[in-house]
Amino acid sequence: MQTSRRSFIRSASAVGALAALPGSVLAQGVASKPLDILILGGTGFIGPHEINYARARGHKITMFNRGKTAPGMFRDLETLIGDRDDQLDSLKGRDWDAVIDNSGFYPRHTRLSAELLHGHVDTYMFVSSISAYADSLTLDDDEFSAAYAVMDDPSDESESIYGPTYGARKALCEQEVTRVFGDKAINIRPGIITGTGDPTGRLRHWLVRMQIGNEILVPGQEDLPVQYIDASDLCGWMVRMLEDGGSGPYNAVGAEEPYRARPLLEGLRDATGSKSTLTWIDWEWIRQEVADIPSYGPWYGQGPIPFMQVNNDRALATGLTFRPIEDTAKDMIAMLDQRSVSQFGRGGFDPKTEAALLKKWHSSRHR
Ligand SMILES: NC(=O)c1ccc[n+]([C@@H]2O[C@H](COP(=O)([O-])OP(=O)(O)OC[C@H]3O[C@@H](n4cnc5c(N)ncnc54)[C@H](OP(=O)(O)O)[C@@H]3O)[C@@H](O)[C@H]2O)c1
């Protein structure tokens with residue numbers, strides 16, 4: 001059921017005291033059987049959420065990475081240094097109960113780690129993406145009926161990790177994991193992940209913009225469906241899935257029903273205490289006015305609408321739950337002072353362009 005604006009506000013104030021805690025600390029109890037978990041990655045955006053939650057549940061963590069990203073983040077954890085690109089020696093001769101693969105972006109890299117770890121870990125959880133689906137995705141599709149994105153040359157590694165064939169490569173990585181691990185493969189397909197540490201402006205843009213106040217330009221339709229998942233909700237569920245023994249693919253998108261743009265933004269505005277006003281401007285009108293459209297996340301207009309209405313029944317049935325988006329917002333607001341607000345949270349138009357567009361839009365309405 002879609003969360004109403006009123007329930008946003010009620011739940012936000014009820015958990016106000018808890019919202020001060022990092023979400024990942026809110027693990028509910030200790031697991032009945034502690035697991036040895038290997039994390040490929042761990043120091044990026046979602047890795048810390050996985051690690052904090054898993055440790056709170058009593059699991060033991062080993063990380064594997066190059067030592068480039070936030071090297072001092074978990075000084076008390078064992079870190080095996082190596083590279084997905086065929087430098088896996090530090091993984092040899094070791095056994096774990098499960099692996100979470102955050103850093104697989106090329107099928108060859110994923111094949112190498114899956115083959116090396118086979119027989120040394122019971123379960124291989126691969127973090128894929130809903131981008132693994134072809135553009136033909138429909139509202140009726142689930143994990144098993146949807147077609148996958150494809151690329152001309154599956155061995156092509158010339159693109160950067162998030163380049164245009166990102167989704168097709170994720171689909172191929174999934175196939176490698178499933179080929180090697182069979183029903184012990186778990187492929188997690190998140191949509192837009194946000195929350196503490198989100199390096200993008202996809203939600204932060206709105207929070208920063210609302211703190212600045214005044215009239216805010218919102219592109220697109222008021223009832224645009226939007227799916228966000230908090231990294232803490234995602235990662236807590238992933239760890240519980242390792243405890244409970246999931247298998248196969250799972251769309252990991254939130255919430256139970258997609259939010260709609262207007263109640264979502266009004267809820268965020270309440271959470272920030274902002275007195276700003278929202279002015280909705282037709283997307284096509286904006287496109288005619290400006291050639292260089294910035295990233296607005298789901299407001300960007302990228303991809304067909306079903307990408308923001310992906311079926312999450314399978315994940316819900318295995319215990320994926322969602323905190324109110326206001327709680328996510330409050331966690332992120334607590335971090336905003338540490339970041340520059342000068343670019344509107346890295347997303348959306350720069351202040352001058354926004355003001356000019358608003359002025360032109362209003363005058364076009366009054367002609
Ligand atoms: N953010 C989203 O909205 C979203 C949505 C859908 C799916 N996903 C997926 O979620 C996963 C995690 O995303 P994230 O943003 O948390 O990732 P991230 O921040 O980029 O984390 C990457 C981690 O992997 C390590 N790493 C990177 N390249 C490596 C290499 N060649 N060899 C060994 N280790 C390497 C990094 O450490 P070093 O640099 O020290 O090696 C770091 O610890 C990704 O697979 C992404 O596709 C994200």
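Analyst: Helices α4 and α5 pack at an angle of about 15 degrees, and their axes lie 8 Å apart. Axes are lines fitted to C-alpha atoms, for helices over the stretch in contact, and angles run from 0 to 180 degrees between N-to-C directions. The two helices are therefore roughly parallel, a label for angles under 35 degrees. Their crossing is right-handed, meaning that the near helix is turned clockwise from the far one by less than a right angle. On the α4 side, the contact (heavy atoms within 4.5 Å) includes Pro107, Thr110 and Arg111. On the α5 side, Arg169, Leu172 and Cys173 are among the residues taking part.

This is a predicted model: local features need pLDDT of at least 70, side-chain atom pairs count only at pLDDT 80 or more, and totals for chains, interfaces and linings use all residues. Residues are numbered from 1 along each chain as its sequence is written, and side-chain values use heavy atoms, leaving out hydrogens and water.

Now α5 itself. Helices are DSSP runs (H or I, at least four residues), numbered from the N terminus. α5 covers residues 166–181 and reaches 22 Å from its first C-alpha to its last. That is close to the expected 22 Å, which is 1.5 Å times one less than the number of residues. Twelve of its 16 residues are buried, that is, under 20% relative accessible area (1.4 Å probe, protein chains only). Cys173 is one of them, at 0%. The buried residues of α5 pack against α4, β5 and β6; strands such as these are DSSP runs of E, at least two residues. After α5 comes glycine 182, with a positive phi near 55 degrees.

Note on methods
Buried means under 20% relative accessible area, exposed over 50%, partly exposed in between (1.4 Å probe, protein chains only). Angles under 35 degrees count as roughly parallel, over 145 as roughly antiparallel, 65 to 115 as roughly perpendicular and the rest as oblique.
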